[in-house]
Amino acid sequence: MYWEGLAIGLFSLGIIGFGFFWVIRMEYYLGYLWWPYPLLFGIGIIVVSLFVANAGWSALLGVTGASFIWGATELKEQAVRTELGWFPRNPNPKPQPPFVEIIRRIKAPHL
């Protein structure tokens, strides 16, 4: 029997579930303007997955990278959900990301 497919499926389920958690926490503590950083991190992980010889590890890295890219697109949506009162708002001021003026000029992506 080959258990690799089952392991990849369970890992995918776990990393997608973790994606929900980190998007909510990141928007709460940092705000949606930090979206380029998880996007670039996800792209970086996918690029690394292209150079991994083992298909199983490459797949796990690809799923992880795709989850971070998806999360980057969800940060703005999470901010909207917070505005609607679906999630608690952080009363403390949020730190501005590096290059905030450039980021403000770019429309936040969404799927």
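Glu-74 is found in helix 3, where helices (DSSP runs of H or I, at least four residues) and strands (runs of E, at least two) are numbered from the N terminus. At 16% relative accessibility, Glu-74 counts as buried, because buried means under 20% relative accessible area, exposed means over 50%, and partly exposed lies in between, with a 1.4 Å probe and protein chains only. Leaving aside neighbours within four places in sequence, Glu-74 is in contact with Val-23 and Arg-81; contact means heavy atoms within 4.5 Å.

This is a predicted model, in which local features need pLDDT of at least 70 and side-chain atom pairs count only at pLDDT 80 or more, while totals for chains, interfaces and linings use all residues. Residues are numbered from 1 along each chain as its sequence is written, and side-chain values use heavy atoms, with hydrogens and water left out.

## The chain as a whole

The protein chain contains four helices and zero strands, and along the sequence the pattern reads α-α-α-α. Taken along the principal axes, the C-alpha atoms fill a box of roughly 50 × 30 × 20 Å. Of the 111 residues in the protein chain, 33% are buried. The chain exposes about 7,300 Å², and carbon and sulfur atoms supply 72% of that area; accessible areas come from the Shrake-Rupley method with a 1.4 Å probe, and for residues only the protein chains shown count as cover. Among the contacts in the protein chain with a separation of 6 or more, 76% are between residues 24 or more positions apart.

## How the helices pack

Two packed helices are described by the angle between their axes and the distance between the axes. The axes are lines fitted to C-alpha atoms, for helices over the stretch in contact, and the angles run from 0 to 180 degrees between N-to-C directions.

Helix 1 (residues 4-29) packs with helix 3 (residues 55-83) at an angle of about 25°, and their axes are 8 Å apart. Helix 1 and helix 3 are therefore roughly parallel to each other, since angles under 35 degrees count as roughly parallel, over 145 as roughly antiparallel, 65 to 115 as roughly perpendicular and the rest as oblique. The crossing of helix 1 and helix 3 is right-handed; a crossing is right-handed if the near helix is turned clockwise from the far one by less than a right angle, and left-handed if anticlockwise. The residues of this contact divide into 17 nonpolar, eight polar and three charged. Here Ala, Val, Leu, Ile, Met, Phe, Trp, Tyr, Cys and Pro count as nonpolar, Asp, Glu, Lys and Arg as charged, and the others, Gly among them, as polar.

Helix 2 and helix 3 pack at an angle of about 165°, with axes 8 Å apart. That makes helix 2 roughly antiparallel to helix 3. Their crossing is left-handed. In this contact, residues of helix 2 including Phe-41, Ile-45 and Val-48 meet residues of helix 3, among them Leu-61, Phe-68 and Leu-75. By class, the contact of helix 2 with helix 3 has 13 nonpolar, six polar and no charged residues.

## Individual residues

The following table lists residues with their relative accessibility.

| Residue | Relative accessibility | Class |
|---|---|---|
| Gln-78 | 2% | buried |
| Thr-82 | 7% | buried |
| Tyr-37 | 28% | partly exposed |
| Ile-43 | 39% | partly exposed |
| Phe-99 | 61% | exposed |

Gln-78 has its place in helix 3.

In helix 2 lies Tyr-37. With neighbours within four places in sequence left aside, the contacts of Tyr-37 are Pro-97, Pro-98, Phe-99 and Ile-103. Tyr-37 and Val-80 are 43 residues apart in sequence and 19 Å apart in space, C-alpha to C-alpha. Ile-43 has its place in helix 2 (residues 36-50), and the C-alpha atoms of Ile-43 and Ala-66, 23 residues apart along the chain, are 7.7 Å apart.

Phe-99 is placed in the loop between helix 3 and helix 4 (100-105). The phi of Phe-99 is near 65°, a positive value in a residue other than glycine.
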